Amino acid sequence: KQWYQRRVAITAGGSAQDGGSRDDTVLPYVKALSEFRDEVRATTRDLTARKVLDICDKVRDDVLPELGVRLEDGDIGVPATYKLDDKETLLREKQHRHDEKEKRKKYRLRLCVDTTA
């Protein structure tokens, strides 16, 4: 599995669900970021900016919500903001964004079909 396909059980409160140690809680985050860094470094060897941005988006959209972390991009030159949040809320929001994107895609497709008829 790719690093972004692995899932880690962490609550939004920052403790391991099984009552594990601080290391058990923090190390999955460190590992996710370390693997992210490794993939970015590997990708930049044959640099295509789009690929790097796609990897960054995977971390924001797929990895961090599973860990109960909300990461929101800032404007150009403004750092992203982050906070611990409820995992289920983040996953519902992710699904909503996906559904909206699919609706827009179907609408555009329908417009193309209607204008060519």
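How many disulfides does the structure hold? The structure holds zero disulfides, a disulfide being a pair of cysteine sulfur atoms within 2.5 Å. This is a predicted model, in which local features need pLDDT of at least 70 and side-chain atom pairs count only at pLDDT 80 or more, while totals for chains, interfaces and linings use all residues. Residues are numbered from 1 along each chain as its sequence is written, and side-chain values use heavy atoms, leaving out hydrogens and water.

C56 counts as partly exposed because its relative accessibility is 30%. C112 is also partly exposed, with a relative accessible area of 48%.

The largest nonpolar core has eleven residues: Y29, A32, F36, V40, V52, I55, V59, V63, L64, L67 and V69. A nonpolar core here is a set of buried Ala, Val, Leu, Ile, Met, Phe, Trp, Tyr and Cys residues joined through side-chain atoms within 4.5 Å. Two or more residues of this core come from each of α1 (22-44) and α2 (49-66). The largest share, five residues, is given by α2. Helices (H or I, at least four residues) and strands (E, at least two) are DSSP runs, numbered from the N terminus.

Helix α3 (residues 87-116) contains L91. This leucine is partly exposed, because its relative accessible area is 22%. Leaving aside residues up to four places away in sequence, L91 touches P65 and E66, contact meaning heavy atoms within 4.5 Å. L91 and D61 lie 9.4 Å apart in space, C-alpha to C-alpha, and 30 residues apart in sequence.

Definitions and conventions
Buried < 20%, exposed > 50% of the residue type's maximum accessible area, 1.4 Å probe, protein only.
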